[in-house]
Amino acid sequence: MDTKILLTEKEMATHWYNIQADLPEPLPPLLHPVTKEPTILPPPLFPSALNDQEFSKERWIEIPDEIQEIYKLWRPSPLHRAFRLEKALDTPARIFYKYEGVSPAGSHKLNTAVAQAYYNKKEGIKRLATETGAGQWGSALSLGCQYFGLELKVYMVKVSYEQKPYRRIMMETWGAKCVASPSKDTEIGRKILAENPNSGGSLGIAISEAVEDAFKRDDTHYSLGSVLNHVLLHQTVIGLETMKQMEKAEVYPDIIIGCIGGGSNFGGMILPFAKDKITGKKPKLQIVAVEPEACPTVTKGLYAWDFGDVAGMAPIALMHTLGHTFEPPPVHAGGLRYHGMAPIVCHLVKLGFMEARAVKQLPTFEAAIKFARSEGIIPAPEPSHAIKVVIDEAIKCKKEGKRKDILLALSGHGHFDLGAYEKYLTGQLEDYEYPADKVKEALKHLPVVNR
Ligand SMILES: Cc1ncc(COP(=O)(O)O)c(C=O)c1O
């Protein structure tokens, strides 16, 4: 078997896959933050094409040619067989990883950034506002906006803004404006700073700032890099390509493992495979989502109605949540610090099609280093959580003398996370326990929804 299983540009996906066509039970609605009645995506914030995709029940949605042309700059992305990691672990398991770090922005986020910029431009929007955690999403959207001549303002979670200055410079290189969140540029930012001048920020706060910015300007829409159905839809190019690549290798995975922050790279990878599980074609397929112990949304959160943002301006979704006011500890996987989770992922967990596990920061970095020293790629801290579980599963295979085919969603590289690697390598990185009291407090503030 080849080390890299590649597709040609002609073999790229021409349509995104929409799981909503195949769910045994439909997704719960999104609710309006004030009336608490079913709602669409707020038109002042989103173009109608993305709203249509959000609620569509069509199984296949065509990828416009302009988007496909841009995807060709880095897609199809490679599927690797991790021969060297397998050897290092001395495991009978076969490990495969789909690598999204080959995109110019360094992660899967560009798949939806390009699509969102395209649909906004098409509907006459001139400027977008967004939030970013680790800076991966902000940098991807900066490039997406650059491709289509849109302006962009990025509210970057303050801990990451301070830990990762190069991500900001990347955004600026691609023409965006980036500020640390909470910022003085919005009412909600000023309010939070007045209460806590040292706030390290959170994705929920940054979302509130970007939403407020977009609400206040007619030429501006808001853009979200994860969680929503249309974002997961755009990411299905990952899983669709992987299916073809695995077919070429004549392998079907026994277990698929990915990290979840808001659920988009994981959803993009697993949804085409989840269809096989739902339809009964592959009932034994195991699907595992991995999150940090410091922000364990699915493993320890409630499955409840909650706001998507801190200020309660975003729609309310039924999802696993730690409470929209929860501010997680400053783990280095900035992209995994969101209080909620993609409703599609939560729905699949509830229906029993997949499971979630939580891992701590130190073993995550230990796994990342093992991966870097065998396969060469230095992974981002986010997918390193998934690598930790891949290694656990491969070791289990060794103990049990079983050969399993393990597929990893490797969502991005960690070239801008070397500060975190340095801390780990010099023994300065710490593990954060599950912040039970903070979660308990945040869960007191869930909206009351009578449904
Ligand atoms: C490389 C990478 N992987 C994963 C994530 C988590 O987001 P999601 O769950 O939407 O894929 C992020 C978020 O910033 C990221 O940068």
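Biologist: Contact here means heavy atoms within 4.5 Å. Which residues in α1 meet α4?

Modeller: Ala49, Leu50 and Gln53 are the α1 residues, and they meet Gln116, Tyr119 and Asn120 in α4. By class, that contact has 3 nonpolar, 3 polar and no charged residues. Nonpolar covers Ala, Val, Leu, Ile, Met, Phe, Trp, Tyr, Cys and Pro; charged covers Asp, Glu, Lys and Arg; the others, Gly among them, are polar.

Biologist: What sort of model is this?

Modeller: It is a predicted model: local features need pLDDT of at least 70, side-chain atom pairs count only at pLDDT 80 or more, and totals for chains, interfaces and linings use all residues. Residues are numbered from 1 along each chain as its sequence is written, and side-chain values use heavy atoms, with hydrogens and water left out.

Biologist: Back to those helices. At what angle do α1 and α4 cross?

Modeller: At roughly 130°, with the axes of α1 (residues 48-55) and α4 (residues 110-122) coming within 8 Å. That makes α1 oblique to α4. Angles under 35 degrees count as roughly parallel, over 145 as roughly antiparallel, 65 to 115 as roughly perpendicular, and the rest as oblique. Axes are lines fitted to C-alpha atoms, for helices over the stretch in contact, with angles from 0 to 180 degrees between N-to-C directions. Helices (H or I, at least four residues) and strands (E, at least two) are DSSP runs, numbered from the N terminus.

Biologist: And α5 with α7: at what angle do they cross?

Modeller: Helix α5 (residues 136-148) and helix α7 (residues 165-173) cross at roughly 10°, and their axes come within 8 Å. They are therefore roughly parallel to each other.

Biologist: Which residues in α5 and α7 meet?

Modeller: Gln136, Gly138, Ser139 and Ser142 in α5 meet Arg167, Met170 and Met171 in α7.

Biologist: What is the volume of the largest cavity?

Modeller: About 360 Å³. Its lining has 30 residues, with Lys109, Trp137, Ser226, Gly262 and Gly335 nearest the centre. Elements supplying at least two lining residues each include β8 (127-132), α5 and α15 (381-400). The lining has 11 nonpolar, 16 polar and 3 charged residues.

Biologist: What about the volume of the second largest cavity?

Modeller: About 210 Å³. Among the 20 residues that line the second largest cavity, Leu224, Leu228, Gly308, Ala314 and Pro315 are closest to its centre. Its lining divides into 18 nonpolar, 1 polar and 1 charged. The largest share, 3 residues, comes from β15.

Biologist: And how much space lies in the largest pocket?

Modeller: About 370 Å³. Of its 20 lining residues, Leu240, Met243, Lys244, Glu247 and Pro272 lie nearest the centre.

Biologist: Which element gives the most to the lining of the largest pocket?

Modeller: α10, with 5 residues. β2 (15-17), α10 (229-248) and α11 (264-278) each supply at least two. The pocket lining divides into 10 nonpolar, 2 polar and 8 charged residues.

Terms used. 1 Å grid on protein atoms, 1.4 Å probe; cavity = no way out; pocket = protein on both sides within 12 Å on 5 of 7 lines; lining within 4 Å. Points joined across faces, edges and corners; volume = space filled by probe spheres on them.
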